[in-house]
Amino acid sequence: MLKGFRDFILRGNVVDLAVAVLIGAAFGAITTSLVGDIVTPLIAATVGKPNFGYLELHVGSGVVKYGNFFNAVITFLLNAAVVYFFMVLPMQYLLKRFNPPPPADTRACPECKSDIPKDATRCKFCTQPVPAA
């Protein structure tokens with residue numbers, strides 16, 4: 001029983017998942033701080049109000065706080081923008097720069113338009129003879 005548990009824990013994907021969760025939590029704290037401490041005050045300085053928490057709708061004896069919902073939507077959109085512009089785009093740039101696509105060593109079959117090797121004399125999909133490249 002313990003050997004099975006050990007094998008489960010030491011599998012690569014479990015360890016990778018644990019690392020991803022920890023890094024994700026740390027990065028979440030960074031993006032939350034960036035949005036809450038830098039971006040939101042800049043928006044508040046230009047708009048004049050730091051949040052929409054004051055917006056309420058009184059229905060009978062209840063209170064609908066739709067301003068808090070607006071705050072949550074704005075926070076989500078700002079977090080998504082920060083992650084995209086400060087994490088996703090730079091990573092895509094780095095991956096393109098350091099891992100260029102391999103050179104294309106295929107060509108299209110004139111009959112079925114499938115990708116075949118450049119030096120092929122017959123298409124492996126439609127079996128038609130193809131002229132030499």
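1. Let me start with Val 83, which is partly exposed because its relative accessible area is 30%; that label covers values between buried, under 20%, and exposed, over 50%, using a 1.4 Å probe and protein chains only. Val 83 lies in helix H3, where helices are DSSP runs of H or I with at least four residues, strands are E runs of at least two, and both are numbered from the N terminus.

2. A word on the source: this is a predicted model, in which local features need pLDDT of at least 70 and side-chain atom pairs count only at pLDDT 80 or more, while totals for chains, interfaces and linings use all residues. Residues are numbered from 1 along each chain as its sequence is written, and side-chain values use heavy atoms, with hydrogens and water left out.

3. What does Val 83 touch, not counting residues up to four places away in sequence? The partners are Phe 27, Thr 31 and Val 88, with contact meaning heavy atoms within 4.5 Å. Thr 31 is 52 residues from Val 83 in sequence, yet their C-alpha atoms are 7.2 Å apart in space.

4. Helix H3 (66-98) also deserves a look for the nonpolar surface patch, to which H3 and strand S1 (57-59) each supply at least two residues. H3 gives the most, with seven. Members of the patch include Leu 57, Val 59, Tyr 66, Phe 69 and Phe 70, and the whole patch has about 910 Å² of accessible area, calculated by the Shrake-Rupley method with a 1.4 Å probe, where for residues only the protein chains shown count as cover. Patch residues have over 30% relative accessible area and no salt bridge; like charges are joined within 9 Å, and nonpolar side chains (Val, Leu, Ile, Met, Phe, Trp, Tyr) within 5 Å. A salt bridge here is a side-chain nitrogen of Lys or Arg within 4 Å of a carboxyl oxygen of Asp or Glu. Tyr 66, in H3, is partly exposed because its relative accessibility is 32%.

5. Now to the inside: the largest nonpolar core has five residues, Cys 109, Ile 116, Ala 120, Cys 123 and Val 130. Such a core joins buried Ala, Val, Leu, Ile, Met, Phe, Trp, Tyr and Cys residues through side-chain atoms within 4.5 Å. Ala 120 touches Val 130 and Arg 107, leaving aside residues up to four places away in sequence.

6. Cys 123 is in no disulfide either, its nearest cysteine sulfur being that of Cys 112, 3.6 Å away. Cys 109 is buried at 1% relative accessibility, and Cys 123 is buried at 2%.

Key. Disulfide = S-S within 2.5 Å.
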